[in-house]
Amino acid sequence: MKTNAIYCGDCGDMLMNHFRGGCVDLIYMDPPFFSNKQYEVIWGDGYELRAFEDRWKGGIKNYIAWMEPKLRECHRVLKKTGSIYLHCDWHANAHLRLLMDEIFGGNNFRNEIYWYYYNKMHDYRKKLFARATDTLLFYVKDANSDSTFNMLEEKRDKPVKQLMRKKVDGKMVNVKDEKGHVMYRLRDKRIVDNVWRLSMLQPADKKERYGYPTQKPEHLLERIINASSNPTDVVLDPMCGCGTAIAVAQKLKRRWIGIDVSPTACRLMVKRMRKLKVRITENDVIGFPKTLGELKELKPFEFQNWVCQKLIARASRKKVGDMGIDGWIMGTIPLQVKQSESVGRNVIDNFETAMRRKGKDKGIIVAFSFTKGAYEEVARAKLENGAEIELKMVKEILAEE
Ligand SMILES: C[S@@+](CC[C@H](N)C(=O)[O-])C[C@H]1O[C@@H](n2cnc3c(N)ncnc32)[C@H](O)[C@@H]1O
C-alpha cells in the first residue's frame, strides 16, 4: 500500500487489490447520496466541464447492496485502534446505520454526529422544516482496544461564568477566596459534543471551493481528523471527490490516501495537492486510465475531460447541443471528441458545418480511428472550402505523454 497517493477506481476493488488488512488509522467516507439526481457541473474555474454522478437507480435495497462490500473492505483495512466516519444525508442514514451495525458491530458505534449547516439556503415554499443537517456515523473498529480519540474544544459565542472546583481528599469542592466567597472563572470554550454547528461552503468561499457539488468544508474534516487521528497516522477517504479529506490530512501532517472512481475527481485531487506543494505526478495516481482499452471504458464525459486536459482545451460549457463542438483549444480552435473507432465521412461533414457556423476554418477531431472516407472528406473540405480539419487518434495523444 502506497500512502500520500491517489487511487483511481472503485474503492471496493482498490482496497481489495492494493491494501492489506489493518493498515489505516482513520476513514472518512462520503458516498454519493441515495438520490436520483445527476449533476453535470461547470467547475469553479468556469471553464472545464466536469461531471459528477450522484445517481442511484433501483431503490434503497440496491443502494445498500452497493455500499455493503465497500464498507466491508473499509472494516478490513482499518487498524484495531482505528475509526470510521460515514457521512450520510437524510435519504439513507437509517439504512446505513443498520448496515454499519452489522459490519462494525453495534457495540463499536460511538456517535451519531449531526452536522448542522446553519447557512444553507432553503426553499420555504416546501411544506416541511428546512433540512439543515447531515449525519455522520462514527464507529471504532474495536471498542475494547485503545482507539485514538482526542477531545476537542470549540469557541463559545459568549463566555460563560463557571464555578471553580478542585479536588480535596478525593472529593470535588468549590474553590473559595479569603473571604469565603465561591470563585468563578470565565470560559470562552466548550467541549465539542455531537452537534457540530459548522457552515457549509458558499459560492463566496473562493479560496476553498473547487466547484465540486458535494464538496465538504475543510473545517468539518479538521474536526474528524483532529479527533480520531494523530500526526503521521494514515487517513483514508475511499470516495474522495475533490480531495477535501486528503488536503486537510496533509495540512495536519497525517499520511493520506484518496480513492475515487472518477478520473476527473482524481485529476482535481492532484491539482489540489499540488497547490499544497505536494510533489505528485500523474504517475502517482494508481489506476489512472493509461491504455486504449481503459480509455474506451471511460464514461463519455470522463473521456471528453481526459482529451481536453491532454490537448489543453477547455470543454464546452454546454454538454449537448453546442453544434457538435465539445471543446476549444486555446479558446479559438474547435474540438470534437468521439469515443469510437472508424469515425466516418458524415462526422467530418457535420463538424465542418459546425466550424463554419462559429466562423472558424481550423478544427480538430479526436477519435480512436477514422475511416478512409473520413480522410477523403478532410481533403475535400480543404480543397473546396479551405477548411483545415486535423484528425487526431487517441493513440497519438497517448504517445505524446
Ligand atoms: C459525495 S462525493 C465526495 C465529496 C468529497 N467529500 C469532497 O469533499 O469533495 C462522492 C464521491 O464518490 C465517488 N464515487 C462514487 N462511486 C464510487 C466508487 N465505487 N468508488 C470510489 N468512489 C466513488 C464519486 O465520484 C464522488 O466523487
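Predicted model: local features only at pLDDT ≥ 70, side-chain atom pairs only at ≥ 80, totals over all residues.
1. Next, have a look at helix α9, made of the 13 residues 345-357. From its first C-alpha to its last α9 reaches 19 Å, close to the 18 Å expected at 1.5 Å a residue.

2. Which residues of α9 are buried? They are V347, I348, F351, E352, A354 and M355. These residues cover an arc of only 165 degrees around the axis, so they sit on the same side of α9. On the other side of the helix, N346, N350 and R357 are exposed.

3. The buried residues of α9 have several packing partners: the strands β18 (333-337), β19 (362-367) and β20 (388-393), along with helix α10 (372-385). Just after α9 comes G359, whose phi is positive, at about 75 degrees.

4. E302 is buried, yet it has no salt bridge. Its nearest side chain of opposite charge is that of R267, 4.8 Å away, whereas a salt bridge calls for a side-chain nitrogen of Lys or Arg within 4 Å of a carboxyl oxygen.

5. What does the side chain of E302 make a polar contact with? One partner is the side chain of S262, at 2.7 Å. Another polar contact, of 2.3 Å, joins the side chains of E302 and T264. Leaving aside residues up to four places away in sequence, E302 touches S262, P263, T264 and R267.

How values were computed:
Residues numbered from 1 in each chain as written. Heavy atoms only, no water. Helix = DSSP H or I, 4+ residues; strand = E, 2+ residues; numbered from the N terminus. Expected span 1.5 Å × (residues − 1). Buried < 20%, exposed > 50% of the residue type's maximum accessible area, 1.4 Å probe, protein only. Arc of directions from axis to C-beta. Contact = heavy atoms within 4.5 Å. Lys, Arg positive; Asp, Glu negative; His and termini not counted. Polar contact = N/O pair within 3.5 Å; in protein donor to acceptor, adjacent residues only side chain to side chain.
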